[in-house]
Amino acid sequence: RLRRRCAPRLDGLRVERARFRDGDGRVAIPRGIAFGGLSKVPRSPDGSTHIGGRGFYEHREVSFVGRPCSLDDLDAHLSRIRSWGFTLLRLLVTWEAVEHAGPANYDQEYLQYLRAVCVRAHDFGFMV
């Protein structure tokens, strides 16, 4: 296990000759995980496919705010994932979540939610 002072800094990460380099020029190997198991289905109404009911074809009245998790639960998830040694989150974002109401009609509440997720992830030391 690397001592903290020897671990690569992931800020200033760049690509140099097919390798990631940290701010000190050392080779860095980000450990990534997909964060967003249910991000492809709306949170409201619940888009889980096993439930039935309203279909996704009624797409103009849905909300993805809270996918992959609520902001209230986010710190617990990020803390756990960080404790497993991950340094990078792959955040799944679909166009259906951003523009479900129609072309160029962006869901500002969802975009603000995504920003809050990214800011908190950064506070935990993740790249997103």
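Select isoleucine 33: it stands opposite leucine 89 in S4. This is a predicted model, where local features need pLDDT of at least 70, side-chain atom pairs count only at pLDDT 80 or more, and totals for chains, interfaces and linings use all residues. Residues are numbered from 1 along each chain as its sequence is written, and side-chain values use heavy atoms, leaving out hydrogens and water.

Now show strands S3 (residues 32–35) and S4 (residues 88–91). They pair in the parallel sense over 4 bridges; pairing takes at least two DSSP bridges between two strands. Strands are DSSP runs (E, at least two residues), and helices are runs of H or I with at least four, numbered from the N terminus.

Stay on S3 and show its side chains. Ile33 and Phe35 point to one face and are buried. Buried means under 20% relative accessible area, exposed over 50%, partly exposed in between (1.4 Å probe, protein chains only).

Next, select arginine 31 and phenylalanine 86. Arginine 31 lies over the face of phenylalanine 86, 5.2 Å from the ring centre. The test: NZ of Lys or CZ of Arg within 6 Å of the ring centre and within 35 degrees of the ring normal. Then go to arginine 82, whose charged end sits over the ring of phenylalanine 126, at 5.6 Å from its centre.

Finish at tryptophan 95, in helix H2 (residues 95–98). Tryptophan 95 is exposed, at 61% relative accessible area.

Zoom out: the chain has 3 helices and 4 strands, running β-β-β-α-β-α-α from the N terminus.
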